[in-house]
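Open the structure in your viewer and keep the selection tool at hand. Each stop below names what to pick next and what to look for there.

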Amino acid sequence: MKIIVCVKQVPDTTEIKIDPVKGTLIRDGVPSIMNPDDKGGLELALRLKDQHGAHVTVISMGPPQADVILREALAMGADRAILLSDRKFAGADTLATSYALSGLCRTLDYDLIIAGRQAIDGDTAQVGPELAEHLDLPQITYVADARRLDNGNLLVHKENEDSVQVLEVEGKCLLTVLASAFEPRYMSVAGIMKAYEREVEVWGADRIDVDESKLGLAGSPTKVFKSFPKALKAPGEVHEVSEEEAVELIVNKLKEKHII
Amino acid sequence: MDKKDYKNVFVFAEQREGVIQPVAFELLGKARDLADVLQQKVVALLLGCGIKEQAQCLVEHGADEVIVVDTPELKDYLSEQYSQVMYQIIEQRKPNIVLYGATTIGRDMAPRLASRLKAGLTADCTKLEIQEGADGQLDLHSTRPAFGGNLMATIVCPNTRPQMSTVRPGVMQKMQRQPGRQGVITDFKPNFDTSKFKVKLVETIKADKQMADIAEAKYLIAGGRGVHNREGFDKLQALADVIDGQVASSRAMVDNGVMPHECQVGQTGKTVRPNLYMACGISGAIQHLAGMEESDFIIAINKDKFAPIFSVADLGIVGDLHKIVPMLTERLKKELEK
């Protein structure tokens, strides 16, 4: 089985702070990590490799320094790593990003594509399904389990708000995976050694199967009109009082608000 | 593309097992506002099997027209089946705007369609408004949280139509139902390309139905790390029972397995706006605040007086929830007996 795993380098959003004066993101010192859902997707690919044997190619699109997460993927057990990096991709929204990734996937041989459900910086969950559509592949999103059946089909659990759908998919497909379902393995020492012997291939737009006019900003139907820090509402009253007084304060407020 | 050729505000009226989901009514309420500004119509799309009789209900919540596709292929949601139908309707009717709930269905189908239509899609919006663009025409401005809720971004599609957005459940206000409101109900017959149906539904496993949806609750007693464990949540449950409320959780207590994911509030959980949100032992990470700060009245109990939850609380108590919550429960029992 040949598997492609899509991964993205993201800032660890739990570490991001807002500059209270300028109202901008403070990115200095914020670590860059492999997006958690993508890492879950890589873990699923590596489990399928452990069980059935597979060749796992990790791909990413980003600046040259995004090669760090691809090395991490190699150290976890991936076999090949390709980074799409070219100024022509700059300013891409999810549609242009998924289009570029589809151009890369078309030049590779694969049976299965795995992506994370969503990235923690954008939280859109769009690139996976958009990529599936560009490649005319069936998709299953919110994947919490996937096993290969004897007939070669995949049996997949899709986690919805109120249920789990058990789905069987025939032929090539694209899955988007939940990090919570696939605890990722650690890099092994041997893996780390090997990762540094291996090359992370860096490809430009000229090496993939795309119409260059549909890349980057020009290929992006959505534009960021403005961004701004979230307006926080004015804080209310805070009391440091005895437990009895606290109960009194709460009961009075609940009465005032007609909750009791 | 001439933007003027694209008219009306379409709403995907999501149903599950024949039940129209609350988010569909919320979207209709917002679509009504947008369509009135644009002087265009609200059109609801109702896809499913055996659902036709519910179309009138969508009219009474603000739709001018309901396009109904009632066929066995659409009994359960499957990406390809639903996308084919939606694509055919959108190609034929050329809507200006299409709105979907940001649910596991909407967030599965909308990007698939965006890619097929080469349309712009904005995910998980919390605010939608109409503004005049540089070309003098009216565009949809979709505002959404980004970077884990640290930043808000307003997204536009200045050159393409339709403009599509998914909207978080629980954010928009539904319109008061107007019984007898008049609208057009249109049947649509799709042409399925069954050669593309590669995904088969084997079975659906229902989640435990004991848990009511926290997004529907009027009063929520929410617990975080400070609640410690299941026994701690029992104290919150006792309080919730007295005021006929429900218990919700922060992400920390879901990740460590104490509480189920269905009751998680926040960026990766649910958005709630109850009349009362009582945050017990929740520090208030920005991802959590993103899911609850629109609540009508917020009470926070936390030992750490610097906890960020106090920045959104209407009433903050610096103290030990393990003492205050049981005392409050007993006191409220007495109050309600009066």
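This is a predicted model: local features need pLDDT of at least 70, side-chain atom pairs count only at pLDDT 80 or more; totals for chains, interfaces and linings use all residues.

**Stop 1: chain A as a whole**

Select chain A. Its secondary structure comprises six helices and 15 strands. Along the principal axes, its C-alpha atoms occupy a box of roughly 70 × 45 × 40 Å. Of the 260 residues in chain A, 46% are buried. Now turn to the contacts within chain A that have a separation of 6 or more: 70% of them join residues 24 or more positions apart.

**Stop 2: helix 3 of chain A**

Select residues 94–107 of chain A, which form helix 3. This helix has 14 residues. From first C-alpha to last, helix 3 of chain A reaches 20 Å, close to the 20 Å expected at 1.5 Å a residue.

Is this helix largely enclosed or open? In helix 3 of chain A, 12 of the 14 residues are buried, so the rest of the structure largely encloses it. Colour the buried ones. They run through Thr94(A), Leu95(A), Ala96(A), Thr97(A), Ser98(A) and Tyr99(A).

**Stop 3: helix 3 against helix 4 in chain A**

Helix 3 of chain A brings Thr94(A), Leu95(A), Thr97(A), Ser98(A), Tyr99(A), Leu101(A) and Ser102(A). Helix 4 of chain A answers with Val127(A), Glu130(A), Leu131(A) and His134(A). By class, the residues of this contact are five nonpolar, five polar and one charged.

As you look down helix 3, recall a general point. An α-helix has 3.6 residues a turn, so residues three or four places apart point the same way.

**Stop 4: Ala125(A)**

Step back to Ala125(A), in the loop between strand 8 (112–116) and helix 4 of chain A. Check its backbone: phi of Ala125(A) is near 65°, a positive value in a residue other than glycine. Most residues other than glycine have a negative phi, and most peptide bonds are trans. Ala125(A) counts as buried because 27 C-beta neighbours lie inside 10 Å.

**Stop 5: where chain A meets chain B**

Show both chains. The contact takes 65 residues from chain A and 70 residues from chain B. On the chain A side, the elements giving two or more residues include helix 3, helix 4 and helix 6 (243–256). The strands among them are strand 9 (139–148), strand 11 (163–169), strand 14 (223–229) and strand 15 (237–239) of chain A. Coloured by class, the side of chain A that touches chain B has 31 nonpolar, 17 polar and 17 charged residues.

**Stop 6: helix 3 against helix 4 in chain B**

Now select residues 79–93 and 106–117 of chain B, which are helix 3 and helix 4 of that chain. They pack at an angle of about 50°, with axes 10 Å apart. That angle makes helix 3 of chain B oblique to helix 4 of chain B. The crossing of these two helices of chain B is right-handed.

From helix 3 of chain B come Ser79(B), Tyr82(B), Ser83(B), Met86(B), Tyr87(B) and Ile90(B). They meet Asp108(B), Met109(B), Arg112(B), Leu113(B), Arg116(B) and Leu117(B) in helix 4 of chain B. This contact in chain B has seven nonpolar, two polar and three charged residues.

**Stop 7: Pro162(B)**

Go to Pro162(B), in the loop between strand 10 (151–156) and strand 11 (163–167) of chain B. Which bond joins Arg161(B) and Pro162(B)? It is a cis peptide bond, with omega about -5°.

**Stop 8: two histidines of chain B**

Pick His228(B), in the loop between strand 14 (219–223) and helix 5 (230–242) of chain B. Its phi is positive, about 75°, although it is not a glycine. With 15 other C-beta atoms within 10 Å, His228(B) is partly exposed.

Finish at His322(B), in helix 8 (residues 321–337) of chain B. His322(B) counts as partly exposed, with 17 C-beta neighbours inside 10 Å. Leaving aside residues up to four places away in sequence, His322(B) touches Gly232(B) and Lys235(B). Draw a distance to Gly226(B), 96 residues apart from His322(B) along the chain: their C-alpha atoms are separated by 8.8 Å.

Conventions:
Residues are numbered from 1 along each chain as its sequence is written. Chains are lettered from A and ligands numbered from 1 in the order in which they are written. Axes are lines fitted to C-alpha atoms, for helices over the stretch in contact, and angles run from 0 to 180 degrees between N-to-C directions. Helices (H or I, at least four residues) and strands (E, at least two) are DSSP runs, numbered from the N terminus. Two residues are in contact if their C-beta atoms, placed from the backbone, lie within 7 Å. Ala, Val, Leu, Ile, Met, Phe, Trp, Tyr, Cys and Pro count as nonpolar, Asp, Glu, Lys and Arg as charged, and the others, Gly among them, as polar. The expected span of a helix is 1.5 Å times one less than its number of residues. A residue is buried if 20 or more other C-beta atoms lie within 10 Å of its own, exposed if 12 or fewer, and partly exposed in between; C-beta atoms are placed from the backbone. Angles under 35 degrees count as roughly parallel, over 145 as roughly antiparallel, 65 to 115 as roughly perpendicular and the rest as oblique. A crossing is left-handed if the near helix is turned anticlockwise from the far one by less than a right angle, and right-handed if clockwise.
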